[in-house]
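Please open the structure in a viewer and keep the sequence panel at hand.

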Amino acid sequence: MDRERTAPVPTRRRLLKGAALAAVPYTLLSGTRAAAQVRAADYPSAEWQPASASNYSRSSRPTSYPLDYVVIHVTQETYADTLSIFRDPEKQVSAHYVVRSSDGHVTQCVREADIAWHAGNWDYNTRSIGIEHEGWVDRPEYFTDALYEQSARLTAAICTAYGIPKDRAHIIAHHEVPGSDHTDPGPFWDWTRYIRLVNFA
């Protein structure tokens, strides 16, 4: 007949040591994740919310393709819904950045080196950075001061980084992309104001 073995009684020191060891990997892991998220955004003040890898093409721009344009979009969705769409692998769409209407908060969804699927034209996708702005083309109240100012700072930084001229020939509307069937950013987008803000950012 086997004798029942008694488990050793854990001492306070053993319990504390075990708890400390158990906490170390979590601390290191969470710190690594936080650092990775901070490093992931190309634009320093952007939040990183990655799009599904099914919704963009990996690349090594500007080595693989030159960057010639910034394409201005309007989401026709809320900020939150836009991020959800970009995370959905079935949607086959993304943009590099999304700017929130209420406060101008900038979120990056695709690395600038990669090709977001935003312009509806492969050639323009390969040579541009796409910026979505929360709102609707027929609702100018979404184009707040904060949205214009933060977006202009972002566009200025992109243009400076890649040598893109800060003018209307290179900062273009989605509807100006050849073959596009979109109308954004629409008639209420103040291009004069926006280009001025980009140049003074």
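Two residues are said to be in contact when they have heavy atoms within 4.5 Å. With that in mind, begin with the entire chain, bearing in mind that this is a predicted model. Among the contacts in the protein chain with a separation of 6 or more, 74% are between residues 24 or more positions apart.

**The whole chain**

Colour the chain by secondary structure. The protein chain has 201 residues, and 41% of them are buried.

**The largest pocket**

Next, display the surface and look for the largest pocket, whose volume is about 340 Å³. Its lining comprises 20 residues; select Val-74, Thr-75, Val-93, Glu-132 and His-182, which are the closest to its centre. Then highlight strand E3 (69-74) and helix H2 (79-87), the elements that each give two or more residues to this lining. Helix H2 provides the largest share, three residues.

**Asp-184**

Now select Asp-184, in the loop that runs between strand E8 (171-173) and helix H5 (191-200). Which residues is Asp-184 in contact with, leaving aside its neighbours within four places in sequence? Show Ile-72, His-73, Val-74, Val-137, Ala-173, His-174 and His-175 to see them.

Is Asp-184 buried or exposed? Asp-184 is buried, and yet it has no salt bridge. The nearest side chain of opposite charge belongs to Arg-168, 12 Å away. A salt bridge would require a side-chain nitrogen of Lys or Arg within 4 Å of a carboxyl oxygen of Asp or Glu.

**Arg-168**

Move on to Arg-168, which is found in the loop between helix H4 (145-162) and strand E8. Arg-168 has a relative accessible area of 31% and is therefore partly exposed. With its neighbours within four places in sequence left aside, Arg-168 is in contact with Ala-173, Glu-176, Trp-191 and Ile-195.

For Glu-176, display the side chains: a polar contact of 2.8 Å joins Glu-176 to Arg-168. For Trp-191, draw a distance between C-alpha atoms: Trp-191 and Arg-168 are 23 residues apart along the chain, and these atoms are separated by 8.2 Å.

Key
Residues are numbered from 1 along each chain as its sequence is written. This is a predicted model: local features need pLDDT of at least 70, side-chain atom pairs count only at pLDDT 80 or more; totals for chains, interfaces and linings use all residues. Side-chain values use heavy atoms; hydrogens and water are left out. Helices (H or I, at least four residues) and strands (E, at least two) are DSSP runs, numbered from the N terminus. Buried means under 20% relative accessible area, exposed over 50%, partly exposed in between (1.4 Å probe, protein chains only). Lys and Arg count as positive and Asp and Glu as negative; His and the chain ends are not counted. On a 1 Å grid over the protein atoms alone, a cavity is a set of points where a 1.4 Å probe fits but cannot get out, and a pocket is an open set with protein on both sides within 12 Å along at least five of seven lines; lining residues have an atom within 4 Å of a point. Grid points are joined across faces, edges and corners, and a volume is the space filled by probe spheres set on the points. A polar contact is a pair of N or O atoms within 3.5 Å; within protein, one must be able to donate a hydrogen and the other to accept it, and residues adjacent in sequence count only if both atoms are side-chain atoms.
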